[in-house]
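Dear colleague,

Please look through it before reading my notes, which come after it.

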Amino acid sequence: MAVMGRLRVFVVQEPVVAASCLIAGFGLFLPAVVRPILDSFEAAKQVPQPALSDVVTGFTGKK
């Protein structure tokens, strides 16, 4: 409980510093969490299949 009491005193004495630390914490935490989530959504998107004629051309080299 002593730590919480000291934290409250710090916030009362230095509200600007406490707010800056809170904002910085969000700034470090959010990209570490949100970016992998967004990347996983993009990886889940389906890639369209190429036309069969393009696949055959790629193997044989003939059009």
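One definition is needed for what follows: a patch is made of residues with over 30% relative accessible area and no salt bridge, and nonpolar side chains are joined into it within 5 Å. In this predicted model, such a nonpolar patch on the surface is formed by Leu22, Phe26, Phe29, Leu30, Val33, Val34, Ile37, Leu38 and Phe41, which together have about 840 Å² of accessible area. Phe29, one of these residues, is found in helix H2, which covers residues 15–43.

A record bears on this part of the chain as well: an unreviewed UniProt entry carries the annotation "transmembrane region" for residues 16–38. In the model, the span of residues 16–38 is 100% helix and 0% strand, and its end C-alpha atoms lie 32 Å apart.

On confidence, the mean pLDDT of the protein is 84, and 83% of its residues reach 70 or more. Among the elements, helix H1 (residues 2–13) has the highest mean pLDDT, at 92, whereas helix H3 (residues 52–60) has the lowest, at 75. Where pLDDT is low, the predicted coordinates should not be read in detail.

With best wishes

Key:
Residues numbered from 1 in each chain as written. Predicted model: local features only at pLDDT ≥ 70, side-chain atom pairs only at ≥ 80, totals over all residues. Heavy atoms only, no water. Patch = residues over 30% accessible without salt bridge, like charges linked within 9 Å, V, L, I, M, F, W, Y side chains within 5 Å. Areas by Shrake-Rupley, 256 points an atom, 1.4 Å probe, with all protein chains shown as cover. Salt bridge = Lys/Arg side-chain N within 4 Å of Asp/Glu carboxyl O. Helix = DSSP H or I, 4+ residues; strand = E, 2+ residues; numbered from the N terminus. UniProt positions renumbered as here; feature names shortened; annotations may be inferred. pLDDT = per-residue confidence, 0-100.
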